[in-house]
Amino acid sequence: MSAVKISKHANVRAQQRGITKPQLDAILFHTDSIAYLHGGCIGNWISHQKLSFLGSSTPEGVSTDRLSGLIVVTGLDDT
């Protein structure tokens, strides 16, 4: 789905939180809300309204319950 590189730090933190690669891909693919963060980073997430529209899972099969409140931070270097 996405060709985003994941930093070692992000990979470790995702594993600690039980966040899977398909969940990260789903956030980046279905993002409808962003916030510009310090250092040129961007916070990406799916709004509650869009999660409700998607139903119990995304078309790719990722549970929307696991996506609620999940923010993926991307940087200018594609990580």
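This is a predicted model: local features need pLDDT of at least 70, side-chain atom pairs count only at pLDDT 80 or more; totals for chains, interfaces and linings use all residues.
Colleague: What is isoleucine 71 in contact with, leaving aside neighbours within four places in sequence?

Modeller: With those neighbours set aside, isoleucine 71 is in contact with Gly43, Asn44 and Trp45. As for threonine 58, isoleucine 71 is 13 residues away from it in sequence, and their C-alpha atoms are 16 Å apart.

Colleague: Let me zoom out. How many helices and strands does the chain have?

Modeller: Three helices and three strands. Reading from the N terminus, the order is α-α-β-β-α-β. The radius of gyration is 12 Å, close to the 12 Å from the globule rule for 79 residues, so the chain is as compact as a globular protein of that length.

Colleague: What box do the C-alpha atoms fill?

Modeller: Roughly 35 × 25 × 20 Å, taken along the principal axes.

Colleague: What share of the residues is buried?

Modeller: Buried residues are 28% of the 79 in the chain. The accessible surface is about 5300 Å², and carbon and sulfur atoms account for 56% of that.

Colleague: Now the helices. How many residues of α1 are buried?

Modeller: One of the 10 residues in α1 (residues 8-17), so that helix is hardly covered given the under 20% cut-off for buried. Just after α1 comes glycine 18, with a positive phi of about 75 degrees.

Colleague: Which residues are buried in α2?

Modeller: Gln23, Leu24, Asp25, Ala26, Ile27 and His30. The buried residues of α2 pack against β2, α3 and β3.

Colleague: How many salt bridges turn up in the whole structure?

Modeller: One. Lysine 21 and aspartate 25 form a salt bridge, with 2.9 Å between their closest N and O atoms.

Colleague: How are aspartate 25 and lysine 21 placed in the helix?

Modeller: Both are in α2 (residues 21-30), four residues apart, which puts about one helical turn between them. An α-helix has 3.6 residues a turn, so residues three or four places apart point the same way.

Colleague: Is aspartate 25 buried or exposed? And how does lysine 21 count?

Modeller: Aspartate 25 is buried at 11% relative accessible area, whereas lysine 21 is partly exposed at 38%.

Colleague: Where are the charges overall, I mean how far apart are the mean positions of the positive and negative ones?

Modeller: The mean position of the 7 positive charges is 9 Å from that of the 6 negative ones.

Colleague: Last one. Which strand holds threonine 74?

Modeller: Strand β3, residues 72-74. Threonine 74 is buried, at 17% relative accessible area. Leucine 37 is 37 residues away from threonine 74 along the chain, with 9.6 Å between their C-alpha atoms.

Conventions
Residues are numbered from 1 along each chain as its sequence is written. Side-chain values use heavy atoms; hydrogens and water are left out. Helices (H or I, at least four residues) and strands (E, at least two) are DSSP runs, numbered from the N terminus. The radius of gyration is taken over C-alpha atoms; the globule rule is 2.2 Å times the number of residues to the power 0.38. Buried means under 20% relative accessible area, exposed over 50%, partly exposed in between (1.4 Å probe, protein chains only). Accessible areas come from the Shrake-Rupley method with a 1.4 Å probe; for residues, only the protein chains shown count as cover. Lys and Arg count as positive and Asp and Glu as negative; His and the chain ends are not counted. The place of a charge is taken as NZ of Lys, CZ of Arg, CG of Asp or CD of Glu. A salt bridge is a side-chain nitrogen of Lys or Arg within 4 Å of a carboxyl oxygen of Asp or Glu. Contact means heavy atoms within 4.5 Å.
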